[in-house]
Amino acid sequence: MNTRQILLYCVMSLVVTLIGLTVMFRYAAISPQALAHAQTAQPMGSFSDINLGSTYGTVSMTDLVGYYLQHPPKAAAAGTASAAVVRIGGC
């Protein structure tokens with residue numbers, strides 16, 4: 001291969017990539033109305049109930065927030081390691 005073929009291949013690859021990204025962006029972008037709605041705070045009552053599985057069933061957002069307010073997460077003491085378990089490689 002000569003230099004001209006290599007440059008032509010690189011330029012055409014970039015052009016095809018940019019065209020593909022331009023076409024796919026239209027499907028990935030959301031409308032300005034949906035973006036404005038997502039950035040506006042919603043009242044707690046407007047959310048639908050959340051299914052927490054067979055153990056807890058369906059719970060309303062009001063109950064979840066109430067539970068969080070009654071049982072806030074405990075702050076880690078200074079100098080202690082995080083209690084979070086780190087799992088690598090899946091479940």
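Of the 26 residues of α1, how many are buried? The number is zero, so α1 lies largely in the open; buried means under 20% relative accessible area, exposed over 50% and partly exposed in between, with a 1.4 Å probe and protein chains only. This is a predicted model, in which local features need pLDDT of at least 70, side-chain atom pairs count only at pLDDT 80 or more, and totals for chains, interfaces and linings use all residues. Residues are numbered from 1 along each chain as its sequence is written, and side-chain values use heavy atoms, leaving out hydrogens and water.

The chain holds three helices and two strands, in the order α-α-β-β-α from the N terminus. Helices (H or I, at least four residues) and strands (E, at least two) are DSSP runs, numbered from the N terminus. Of the 91 residues of the chain, 1% count as buried.

Helix α1 covers residues 3-28 and includes Tyr-27. The end C-alpha atoms of α1 are 37 Å apart, which agrees with the 38 Å that its 26 residues should span at 1.5 Å a residue; the expected span is 1.5 Å times one less than the number of residues. Tyr-27 is exposed, at a relative accessible area of 74%.
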